[in-house]
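Hi,

Here is the structure I promised to pass on. Have a look at it first, and then read on for my notes.

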Amino acid sequence: MSSTLTIRTPDDWHLHLRDGEMLQAVVGHTARQFARAIVMPNLKPPVTTVEQARAYRERITAALTASQGPDAAAAFTPLMTAYLTETIEPAELERGFSEGVFSAAKLYPAGATTNSDAGVRDLAHISAVLACMERIGMPLLIHGEVTDPAVDIFDREAVFIERQLIPLLQRHPALKVVLEHITTADAAQFVAEGPANLAATITPHHLHINRNALFQGGLRPDFYCLPIAKRERHRLALRAAATSGSTKFFLGTDSAPHPRGAKESACGCAGIYNAPFAIESYAQVFEEEGVLDRLENFASVHGPNFYGLPLNNGTIQLERSSDSDFIPGLMELENGSSSPTTLVPFHAGETLNWRLKQAQWRASAA
Ligand code: DOR
Ligand code: ZN
């Protein structure tokens, strides 16, 4: 059995980096393994203008410089997204896209998840925006869940496909769409059988856990995320899709840090912090499925090809873990203030087969 694994440097096509102290605490974990990341715009207030996105991009680079140094900042490119509201102007999106500030726009159905209140209540209200995106080739990234409280939380993705996504694709047949963080067999099949302009990201956590994880031995808020993990048959369908070799599926961690106290509380926030061991987490899945040779395409090739971006030139190396390489139960992260940020990483307390071999910031590899 080989003890090292070298792949083209991957990208994360779905990431929450937050802002301020949290940003400074977490950004290094992503940059050590990924050359680029699609940064989600669900800040408070949301990122809705070109100027806000530009300023946020600068804060990300500054936080990476402060926490890891200039070589790290030079080796990592944040790809910014616009948060679609019902009042956003098509001209603002078009300007941001043509100036290379917006790589895509994110659709949050209002109320679907963290900081989505400013999102879209009715897709009919943004039809001019969608027509503009379709015309200019700007990808639409979708949080695919209905918000109708009458729909069971475990059915919200499948119902979204029927009620919203199918009509949307009929109205905008050339629109590039990424159905983000898919969690169901229904979504995997819909994307696999759909047109070439429809793709999906898959998170590491939805490949590892099913809904039982939320209740194993008690209530487990660190496994709570949205869309919520589903039944085992759905997890198996996601694993089959991710490892199938289909170009329609690619890596998107949806790493979503919340301070420990905000998760482990009476009304805990949705989000799993998987950035610290993300590529290792995916590698484990591909190895378990017997197709480690397909990891590179999923992690480093299908995403850039869909977005129309060049592949990264560098490589990262993973090496086999030893039995004592436990993932820490808690991470106390420096953030530029006097008290650290405490986060529980995904896989806390477990061992994984592979560990990222560090990289002098992939500087030589850029
Ligand atoms: O679990 C989630 N957390 N799902 C989302 O859609 C948003 C994210 C967050 O921002 O915390
Ligand atoms: Zn997300």
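Which of the 13 residues around ligand 1 come nearest? They are R18, N42, T113, L226 and H258, where a residue counts as near if one of its heavy atoms lies within 4 Å of the molecule.

Before I go on, some housekeeping. This is a predicted model, so local features need pLDDT of at least 70 and side-chain atom pairs count only at pLDDT 80 or more, while totals for chains, interfaces and linings use all residues. Residues are numbered from 1 along each chain as its sequence is written, chains are lettered from A and ligands numbered from 1 in the order in which they are written, and side-chain values use heavy atoms, with hydrogens and water left out.

Back to the ligand. The shell around ligand 1 is made up of 4 nonpolar, 7 polar and 2 charged residues (Ala, Val, Leu, Ile, Met, Phe, Trp, Tyr, Cys and Pro count as nonpolar, Asp, Glu, Lys and Arg as charged, and the others, Gly among them, as polar). A nitrogen atom of ligand 1 is 2.7 Å from a polar backbone atom of L226. On the side-chain side, an oxygen atom of the ligand lies 3.0 Å from an N or O atom of T113, and an oxygen atom lies 3.4 Å from an N or O atom of H16. Taken alone, ligand 1 exposes 290 Å², and the protein buries 100% of that (areas by the Shrake-Rupley method with a 1.4 Å probe).

L226 is joined to P227 by a cis peptide bond, with omega about -5°, and P227 is in the loop between α8 (204-208) and α9 (232-242). R18 has a positive phi, near 60°, although R18 is not a glycine; its place is the loop between β2 (12-15) and α1 (20-31). Helices (H or I, at least four residues) and strands (E, at least two) are DSSP runs, numbered from the N terminus. Another cis peptide bond runs from K44 to P45, with omega near 0°, and P45 belongs to the loop between β3 (36-39) and α2 (50-68).

Last, the rings. The whole structure has 9 aromatic pairs (rings of Phe, Tyr and Trp, its six-membered ring, with centres within 6.5 Å; planes under 30 degrees apart are stacked, over 60 edge-to-face, the rest tilted). F250 and F306 have ring centres 5.9 Å apart and planes at 40°, so this pair is tilted. Because F250 lies in strand β9 (residues 249-251) and F306 in helix α12 (residues 295-307), the pair ties together parts that are 56 residues apart in sequence.

Cheers

Methods:
Polar contact = N/O pair within 3.5 Å; in protein donor to acceptor, adjacent residues only side chain to side chain.
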